[in-house]
Every structure is written in structure tokens, then in C-alpha cells.
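Hello,

Here is the structure I promised to pass on to you. Please open it alongside this email, and then read on for what turned up in it.

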Amino acid sequence: MSAYDGGRGGSGAPGNRDRRDERGDGRRDASGRQRSAARSRGDRTRTSQAPSQRRKRTDPARTAAFDVLREVAESDAYANLVLPPLLRERRIRGRDAGFATELAYGTLRLRGRYDAVLATCVDRPLTGLDPALLDVLRLGAHQLLGMRVPVHAAVSETVALARDRVGAGPAQMANAVLRRVSERSLDEWLDILEKEAPDRLAGLAVTASHPLWIARALREALVGNGRSADETADLLAADNAAPRVTLVGRPGLVEASDDDVWGDADLVAGRWAPTALRLEGSDPSGIPAVRSGVAGVQDEGSQLVTLALAGIALDDGAETGERWLDLCAGPGGKAALLAALAAERGATLVANEVAPHRARLVRGALAAVPDGVVEEVRTGDGREVGAQEPGAYDRVLVDAPCTGLGALRRRPESRWRRTPSDLAALTGLQRELLTSALDAVRPGGVVAYVTCSPHLAETHLVVDDVLRRRDDVERLDTPAAVRAAVRPGADIPLADRTDVQLWPHVHGTDAMHLTLLRRRG
Ligand SMILES: C[S@@+](CC[C@H](N)C(=O)[O-])C[C@H]1O[C@@H](n2cnc3c(N)ncnc32)[C@H](O)[C@@H]1O
């Protein structure tokens, strides 16, 4: 749980570095309330309006969070793409920006928990409410139960928002409902939700705010990867914690010790990947190394799987002049790391991506790579590459399109958008892409099958199914390749299997899956 204490925004939220209010006008007080500049200066002159006619000014930070929630609901937008430009446009900075960020992202993540609380406080089904009012109520619930904003501020500011954006009648209702929510602490509410749930997993899903099918899939994935079902609660809790920003310093292009390119960024070495740097703070966009493309924002799990593919020895030892392929490259994070590693090894890279706008992002991501390393960034269907260029590559990365259930902490709204029916289409595509990659790699070459989902249907079942249909592929010791890729002295815990599944609650990374496969010679 995060606290808004007037000195910092909600803890753990992006955009909430402990800074002075950059406007210097003290507009947010210790209770999370907006204060007028006049009141901050101690000017107590009242307007000539009667109190009943005075309309409470709505708080720009709360209004911004509300607008993000509406945009996410109405336009299928991604909160992390909508919020930063909106804050910039409205000149919401410093602790106000931190407050808006924690309010928007936290409310989206914990929506399932808050809806269950609200359902007991509203005398009709939530589906019958005006969706805008429901979003206001969720924002109020997060301030009361997730941010420790004092009750009077949370209720009155949220009611003002309801009045401004939804109407006077809904505002009255918001007032009554939020007062009911405030009558119990978070722990008391969680006890009630747990007791009302039909079984333990359902209780865990509602209190940790995950759709039940996702909670079940994650529990199955833990067990299927040799871990205990008892870890499910820790895994779901890790999905609700905003991740720290991790950067990749692309090898050969930048060193952690190159002070001038890191500006005044406060960086510490990553836990596992030698290329990883953790940013103490949240906004990497001003860092010169990131702007020039010699570094980028990349989860440590993504770095590890890429390093493992690049580092594994090929049986025939032909390590210079190799050709590497990134089959599903957009937006280009792994392609950029692969290209930097290829440059060091005298290899070349082809990056393929089906969506033209994402292929453009790949070109941008590769901008800092030395000339001659990237053969081509092409727009094409990866399923056709195996037939078009059989045996043409030494190493192929298949970072397959997937449900993203391993990166829920990064995408606050995605757990509510995904449905079990997404799986069927994705797993069919994943099988075809892996098959194509195995055809595109030469005998003796290696394919990395990667997903940012631990769902067994997208990981073990895809690989098992593809391998059942062919006798020219063998599984490699993927844990050994990952261990060889981690920084010296780091003892990464990995299950006793031939593939690797990383976990947010164990490794602090996204839940990336990696299987390394060799085409037999
Ligand atoms: C998980 S993302 C890859 C992320 C990327 N490797 C990175 O690190 O930035 C999967 C990508 O596959 C692309 N994709 C989907 N279907 C494809 C296909 N048939 N052929 C090639 N790429 C495809 C998607 O557009 C998406 O950009």
C-alpha cells in the first residue's frame, strides 16, 4: 500500500520522485488536497459568493487520473501511453504528477478489488452504473484504501470530481458510497471479500485484483514449472507492485562508467544481467544515453533471454560471420541488444516484424548500432520466413506475440482486457512462428522461443506440440545458458528443467519464458 504524505507521491509509482513541487506554490497539502495559491500564501480573503453558490474547484491531478481511466475504457488506450503526454500538456508536475500517476495506475491495477468492495456499498449491480461514475468511485476507493489519503480529502475531492464530470445527482451518490467504503480499513474489507469468496483461489483473485482465469493460469504455471501453488499469493502481489525502471546499456556502445552519457541519473547495477542498470527514479527520457539509443528501457528478464541466445556456443563453433534473425522484432528492444552483441562478434542481424508501424520503431531502436551490423529491417509475416529462407540463419529469436500475462505489473489495464479466448488465436500463431524459425535456422543453429507469459498453453504446450511433429530438433540446457549469461557471482535460482521460467516474485523480472532449441546437424 502506498501513502500520500504530502512529501512524496504514492510510493512505487512511476513519476513520483521525491522532489519539491516544481511550481513552488505549495498546491497539494499533507492530506492530498489541492490548495489555491492564495491560500498557500495565507491570503484568507473569501469570494463574495455565498457558500452554497461556490463550486469546489476540481483537483487537476485527480481529474487527469479520471481522464486516463475514461480513455482506457472508451478507446482501448494504454494508460502508460496516455498519462505522460496528458500530464505534460496540462503542466502537472512534481508531486502532483506522482499523485496522478499512482492514482491512475493503482486504480487500474486494483480495479477488481475495488469493484468487489463497491459492490457491497452500492444498492444495485455495478454494471447498471454510469461507467464514468463507476470510474470516479474506483478512484475514491483507491485513495481511501490504497493511498491512505485522509477520508475527508478523498471523499470531498472525489465528490467534486463527480459533480464536475458526471453530474450533481451522481455526486451525491458518490458521497454516500465513499463514506460507506471509508467505514472499514483495507484489511477489514479484504477479510470480508475473502470470506465471501467460494474458494481459496477465488478469494486470492478478488483480494489481489486478478480475473479468476488469470489467477488460475498463473497458479498452474507455477506448479507446471516445478514451484509451489502456495506462491500464487506472492506472484499476484508482485503483479500489483509498480516495477522499478530498468535500463539496458548496450554492450560495445556504452559503459556504465561513461559518466557523461548518463547525465545525473541515479543508477545501480542490475541484479542478474551484466547489461542491466536500475534507475532510482522514474523518468529515463532525459538521460543522454537513452536519447541517443546506446541505452534503452528494458526489463532484466528480456535482457537475460537475449544474452542467453547470443552467448550459447554452437556445436561447430562457427562464431564469426554468423547471421542472426529476430523474427518478431517490434518495437525493437531485444533486436537492439542482439545487434549490439552481433557487432561485438562480427555477426549480422536481420530484424523482421509484421506490423509496419512497429517495424519503424525497430529502425529507430537500431539507430545507434554501427553500420554494417543490421542487414535489414523488414516488414513481413514471420510464418513465411522458414519457407522463404530455409536454413539461412545461425541463431533465431522468436519473441512471440503472447497474452503478456508475465508483464501485468507494467501494464495496469491489461489484465482486464485479456480474455481466455485470446489464447486460441495466439497459441496457433506461436506454433507457426516457432515452426518457421526452426526451418529458418541451419542445422547446428539455435532457436530461442520466448514469451512474456508463463501460461503453460503459450510455453510448454507450444514447444511440446511443435517438437512432437519433427525429429530434427533437440532441447538445449536453457538454465545453463542463462546461468552463463548472468553477471559474475550472481546465483540465479532456476528450476531443474530444460527451459527457464522467470518470475516477478522470485527474480524481480517480468515472467519471461525461454526455451533454447538446436536444429540437429
Ligand atoms: C512480444 S512482441 C516482440 C517484442 C520485441 N522482441 C522487443 O523486444 O521489443 C511480438 C511482436 O510480434 C509481432 N508479430 C505478430 N505476428 C507476427 C507475425 N506473423 N510475424 C512477425 N511478427 C509478428 C507483433 O507485431 C509484435 O511486435
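Below is a short tour, one region at a time.

Please keep in mind that this is a predicted model.

As general background, nonpolar side chains in soluble globular proteins tend to be buried together.

Leaving aside residues up to four places away in sequence, V398 touches L327, C328, L433, L434, A437, V447, A448, Y449 and V450. Strand β8 covers residues 393-399, and seven of its seven residues are buried.

What does β8 pair with? Strand β5 (residues 323-326) runs parallel to β8 and is joined to it by three bridges. Here L325 stands opposite V396 of β8. Strand β9 (residues 441-451) also runs parallel to β8, and six bridges join these two. In this pairing V398 stands opposite Y449 of β9.

The peptide bond from G330 to P331 is cis, with omega near 0 degrees. P331 is found in the loop between β5 and α16.

**An antiparallel sheet**

Next comes an open sheet of four strands in the order β2-β3-β1-β4, with antiparallel pairing. Which strands are at the edges? They are β2 (267-269) and β4 (295-297), each of which pairs on one side only. From one strand to the next, the twist averages 35 degrees. Within the sheet, strand β1 (residues 246-249) and strand β3 (residues 276-279) pair in the antiparallel sense over three bridges. V248 has A276 in β3 as its bridge partner.

Helix α2 (residues 60-75) packs with helix α4 (residues 94-109) at an angle of about 35 degrees, and their axes are 8 Å apart. The crossing of α2 and α4 is right-handed. On the α2 side the contact is made by P60, A61, R62, A64, A65, V68, L69 and V72, which meet D96, F99, A100, L103, A104, T107 and L108 in α4. By kind, the residues of this contact divide into twelve nonpolar, one polar and two charged.

**Helices α5 and α10**

In helix α5 (residues 111-121), the buried residues are R111, G112, R113, Y114, A116, V117 and L118. These buried residues pack against α4, α6 (131-145), α8 (168-182), α9 (186-196), α10 and α19 (414-417).

In α10, the buried residues are L204, A205, V206 and T207. They pack against α5, α9, α11 and α12 (232-239).

**Two positive phi angles**

R91 has a positive phi of about 55 degrees although it is not a glycine. R91 is found in the loop between α3 (79-89) and α4. Is R91 buried or exposed? It counts as exposed, because 11 C-beta neighbours lie inside 10 Å, and the cut-off for exposed is 12 or fewer.

S209 follows α10 and is found in the loop between α10 (200-207) and α11 (212-224). The phi of S209 is near 60 degrees, a positive value in a residue other than glycine. S209 counts as buried, because it has 21 C-beta neighbours inside 10 Å, where 20 or more are needed.

**One last residue**

Finally, please find A425, which lies in helix α20 (residues 420-440). With 10 C-beta neighbours inside 10 Å, A425 counts as exposed. A425 and C402 are 23 residues apart in sequence, and their C-alpha atoms are 9.6 Å apart in space.

Happy exploring, and best wishes

How values were computed. Residues are numbered from 1 along each chain as its sequence is written. This is a predicted model: local features need pLDDT of at least 70, side-chain atom pairs count only at pLDDT 80 or more; totals for chains, interfaces and linings use all residues. Two residues are in contact if their C-beta atoms, placed from the backbone, lie within 7 Å. Two strands pair if DSSP finds at least two bridges between them. Axes are lines fitted to C-alpha atoms, for helices over the stretch in contact, and angles run from 0 to 180 degrees between N-to-C directions. A crossing is left-handed if the near helix is turned anticlockwise from the far one by less than a right angle, and right-handed if clockwise. Ala, Val, Leu, Ile, Met, Phe, Trp, Tyr, Cys and Pro count as nonpolar, Asp, Glu, Lys and Arg as charged, and the others, Gly among them, as polar.
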